[in-house]
Amino acid sequence: MRFVRISGNSSTSASASATPLEMLLDCHARTRHFMQLSRTLADAKSVPHQEIAEAATSVLRHFGNTLPLHEADENESLFLRLQAALPPGGLVREAADTMVEQHNAINELVNELLPLCASLGRQPGRLPSISHRLVHVTQALNQIFAAHLCLEETVVFPAITEWLAPAQIKEMFHEMHERRRPARSTIHLIQ
Ligand SMILES: [Fe+2]
Ligand SMILES: [Fe+2]
């Protein structure tokens, strides 16, 4: 078995003009890609160690670096605005609440996945001894992501244009791009 070549790294950056919705959907596409890669990795047999290490490291990078930014986009930039705009008790409001609750369950599983991937990144030869744990956590994560991504794409994200004002969407745009700016290096002024 050979891994499908990973097209590009899981990126924490975004094109400068990407809208909030485009950024959210792009991350969903990446999450589906890296879930598939994690499943392939868990079942991998007779794969060169270097490929195992590369695949594990890219899964680690996505779920360890990119997903937290995406969740911050949803919890802080999107949910708080929807919470203020939506009447309580409605379908969309309930879906938004569920979205945030599901992030906690996802994070618990991701916290199990990351050390497995980190271990394989360093010692790919350990795959046979930890593959059963990788299969277990990947299946659980896959199940919750299937429901979670669908809920967001069909109910929560459409509320962006339906319930938020253009000025609020612009604020989201700035927040989400700012979140991905590299930390500014400290500038020492010489006097
Ligand atoms: Fe989410
Ligand atoms: Fe999402």
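User: How do you know that the span of H3 agrees with its number of residues?

Analyst: This is a predicted model, and the check uses its C-alpha atoms. H3 has 32 residues. At 1.5 Å a residue, they should span 46 Å. The end C-alpha atoms of H3 are 45 Å apart, so the span agrees.

User: Which residues of H3 are buried, and what do they pack against?

Analyst: The buried residues of H3 are Ala96, Met99, His103, Leu109, Leu113, Leu116, Cys117 and Leu120. They pack against H2 and H4.

User: Why are H3 and H4 called roughly antiparallel?

Analyst: Look at the angle. H3 and H4 pack at about 160°. The cut-off for roughly antiparallel is over 145 degrees. H3 and H4 therefore count as roughly antiparallel. Their axes are 9 Å apart. H3 passes H4 in a left-handed crossing.

User: What makes up the chain as a whole, helices or strands?

Analyst: Helices. The chain has 6 helices and 0 strands. From the N terminus on, the order is α-α-α-α-α-α. Of the 191 residues, 26% count as buried.

User: What share of the contacts with a separation of 6 or more joins residues 24 or more positions apart?

Analyst: Such pairs account for 82% of those contacts.

User: Why does Thr31 count as buried?

Analyst: Count its neighbours. Thr31 has 21 C-beta neighbours inside 10 Å. Buried means 20 or more. Thr31 therefore counts as buried. Its place is in helix H1.

User: What does Thr31 touch, leaving out residues up to four places away in sequence?

Analyst: Thr31 touches Leu67, Phe145 and Leu149. Take Phe145: it is 114 residues from Thr31 in sequence. In space, the two are 8.7 Å apart, C-alpha to C-alpha.

User: Is Ser58 buried or exposed, and how do you know?

Analyst: Ser58 lies in helix H2. It has 22 other C-beta atoms within 10 Å. The cut-off for buried is 20 or more, so Ser58 is buried. Ser58 and Leu37 are 21 residues apart in sequence. Their C-alpha atoms are 9.0 Å apart in space.

User: What about Ser46: buried or exposed?

Analyst: Ser46 has 6 other C-beta atoms within 10 Å. Exposed means 12 or fewer, so Ser46 is exposed. Its place is in the loop between H1 and H2. Ser46 also has a positive phi of about 55°, although it is not a glycine.

User: Which residues touch the most other members of the largest nonpolar core?

Analyst: They are Leu41, Ile52, Ala56, Val59, Leu113 and Cys117. This core has 20 residues. The elements that give two or more residues to it are H1 (20-42), H2 (49-85), H3 (91-122) and H4 (127-156). H2 gives the most, with 7 residues.

User: What is Val59 in contact with, leaving aside neighbours within four places in sequence?

Analyst: Val59 is in contact with Phe34, Leu37, Ser38, Leu41 and Cys117. Leu41 and Cys117 are also among the core members that touch the most others.

User: How many residues does the second core have, and which does it include?

Analyst: This separate core has 12 residues. Among them are Cys27, Leu82, Met99 and Met172. Met99 is also one of the buried residues of H3.

Key. Residues numbered from 1 in each chain as written. Chains lettered and ligands numbered in written order. Predicted model: local features only at pLDDT ≥ 70, side-chain atom pairs only at ≥ 80, totals over all residues. Core = buried A, V, L, I, M, F, W, Y, C linked by C-beta atoms within 7 Å. Helix = DSSP H or I, 4+ residues; strand = E, 2+ residues; numbered from the N terminus. Contact = placed C-beta atoms within 7 Å. Expected span 1.5 Å × (residues − 1). Axes fitted to C-alpha atoms, helices over the stretch in contact; angles between N-to-C directions. Parallel < 35°, antiparallel > 145°, perpendicular 65-115°, else oblique. Left-handed = near helix turned anticlockwise from the far one by under 90°.
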